[in-house]
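Hi there,

I'm passing a structure on to you, with some notes on what turned up in it. Please have a look at it first, and then read on below.

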Amino acid sequence: MSAALSTDHPALPARPPVPDGATDVLVVGGGIVGLTAAWRATRAGLRVTVLDPAPGDGATHAAAGMLAPVTEADFGEEAALRLGADSAARWPAFAAELEADSGLDVGLRATGTLTLAYDGDDLALGRRVRALQEAWGLDSTEITVAAAREREPLVGQRVAGAFWAPGDHQVDPRAVHRALTAALARDPRAAVVHRRAVRLLRSPGPGAPVTGALDDAGHEHRAGTVVLAAGADSGDLLADVPEVTAPTRPVKGQTLRLDAPPWFTLDHVVRGVVQGRPVYVVPRTPGPDGHREVVVGATSEEHPDDRRATAGGVFALLRDARALLPALDELALVEVTPRVRPGTPDNLPLLGATSVPGLVLATGHYRNGVLLAPVTGAAIDAVLTGQPLPPAVAAIDPLRFSPASAPSPTPTPRRTT
């Protein structure tokens with residue numbers, strides 16, 4: 001068993017009392033993970049403050065929203081698969097509850113996912129992945145190219161093979177974030193402060209609890225519990241909490257958004273490998289005028305968050321996507337979105353209570369923040385109410401990189417899309 005996994009689930013540390021004049025829960029970070037944590041806290045009847053200078057403008061803004069534990073399955077990452085599968089199963093109930101609270105649609109679509117192999121080598125890789133999926137009991141089938149074209153007539157002529165995953169769906173991350181924002185705005189117990197956290201606050205003394213955060217204007221935000229959901233910046237905010245290590249790092253990706261007219265009838269998520277390079281195309285539901293957004297992604301670079309797109313990245317995405325779906329050439333390119341995701345050394349999130357009273361981690365979701373939002377919400381529910389974590393979360397130790405934990409595992413190479 002990897003050092004990242006643990007079958008021991010010690011009792012959660014008691015939540016410290018709320019300081020006078022403080023809120024119950026402070027969430028540092030306002031992306032889809034942070035707002036999910038805040039929403040679940042309000043659902044538990046707690047007062048919540050979210051601290052973020054531009055909520056939803058990070059990885060959430062770029063994300064395509066694939067709910068794809070099957071087609072994301074990769075060698076050596078069974079823990080990530082089990083976590084993703086658990087969360088995917090929670091999405092329908094999560095979406096229904098959020099839509100009821102917010103009055104907004106989140107764009108959840110049960111489309112299934114079609115994976116295409118461009119050439120013979122890509123097909124051989126696809127079959128190796130398909131064998132892994134079968135060994136893990138996942139629902140994925142190799143189909144003929146003719147069958148792929150029956151599902152999607154826009155599939156190009158130079159495609160060597162295809163696979164079908166009926167349970168991998170999609171949601172619109174920007175719509176989810178709007179719904180979370182609206183749900184919090186409707187609740188008088190919630191507040192969103194548009195400032196950046198610069199460090200966490202602690203009471204004096206060894207083993208002292210985390211009591212809040214200091215923002216970039218010098219204001220202190222006190223709370224009984226702090227949920228650290230600051231993405232790639234999370235690790236830097238723990239400078240005054242040496243007992244807890246969160247080695248999050250920025251992994252830059254670029255997505256493209258295209259405007260498709262009514263004749264572009266792509267209805268399923270299409271993923272593919274083109275001469276070893278992964279790519280995906282995600283079509284949204286058509287609007288009243290018949291046009292729809294189509295998201296193409298995503299590159300992956302170990303690079304800081306400079307918010308600058310590269311010519312090579314845009315070219316590579318368009319080149320490979322059009323190799324599978326040539327009709328993309330006719331669509332209007334309306335947005336290029338470079339953002340960073342919060343990676344960890346083993347590609348697994350840091351999720352759960354820590355050994356420091358008052359500090360909860362909800363970060364390091366890497367490329368799957370959208371997929372993992374429901375199981376993250378379930379974990380926050382459990383932490384705030386003193387209940388056991390979902391088994392898929394409890395199997396991944398949030399303190400596995402911290403000083404008192406076992407040595408960190410060797411990073412696992414993986415396909416990037």
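Let's begin with Val296. Setting aside its neighbours within four places in sequence, Val296 is in contact with Gln254, Thr255, Leu256, Leu258, Val279, Tyr280, Val281, Leu317 and Ala321, where contact means heavy atoms within 4.5 Å. Val296 sits in strand S15, residues 292-297. Helices (H or I, at least four residues) and strands (E, at least two) are DSSP runs numbered from the N terminus. With a relative accessible area of 0%, Val296 is buried; buried means under 20% relative accessible area, exposed over 50%, and partly exposed in between, using a 1.4 Å probe and protein chains only. From Val296 to Ala63 the distance is 9.9 Å, C-alpha to C-alpha, although 233 residues separate them in sequence.

A word on the background: this is a predicted model, in which local features need pLDDT of at least 70 and side-chain atom pairs count only at pLDDT 80 or more, while totals for chains, interfaces and linings use all residues. Residues are numbered from 1 along each chain as its sequence is written, and side-chain values use heavy atoms, with hydrogens and water left out.

Next, Thr23. This residue belongs to strand S1, residues 23-28, and is buried, with a relative accessible area of 11%. A polar atom of the Thr23 side chain lies 2.9 Å from the backbone oxygen of Arg47, and a polar atom of that side chain lies 3.4 Å from the backbone nitrogen of Val48.

Now for the helices. H1 covers residues 32-43, which is 12 residues, and spans 16 Å from its first C-alpha to its last, close to the expected 16 Å (1.5 Å times one less than the number of residues). Among the buried ones are Ile32, Leu35, Trp39 and Arg40. After H1 comes Gly45, with a positive phi near 85°.

How do H3 and H8 pack? Helix H3 (residues 78-102) and helix H8 (residues 373-385) pack at an angle of about 90°, with their axes 6 Å apart. H3 and H8 are therefore roughly perpendicular to each other, a label for angles of 65 to 115 degrees. Leu83, Asp86, Ser87, Arg90, Trp91 and Phe94 of H3 meet Ala373, Pro374, Val375 and Ala378 of H8. The residues of this contact comprise seven nonpolar, one polar and two charged.

Happy exploring!

Note on methods: Axes are lines fitted to C-alpha atoms, for helices over the stretch in contact, and angles run from 0 to 180 degrees between N-to-C directions. Angles under 35 degrees count as roughly parallel, over 145 as roughly antiparallel, 65 to 115 as roughly perpendicular and the rest as oblique. Ala, Val, Leu, Ile, Met, Phe, Trp, Tyr, Cys and Pro count as nonpolar, Asp, Glu, Lys and Arg as charged, and the others, Gly among them, as polar. A polar contact is a pair of N or O atoms within 3.5 Å; within protein, one must be able to donate a hydrogen and the other to accept it, and residues adjacent in sequence count only if both atoms are side-chain atoms.
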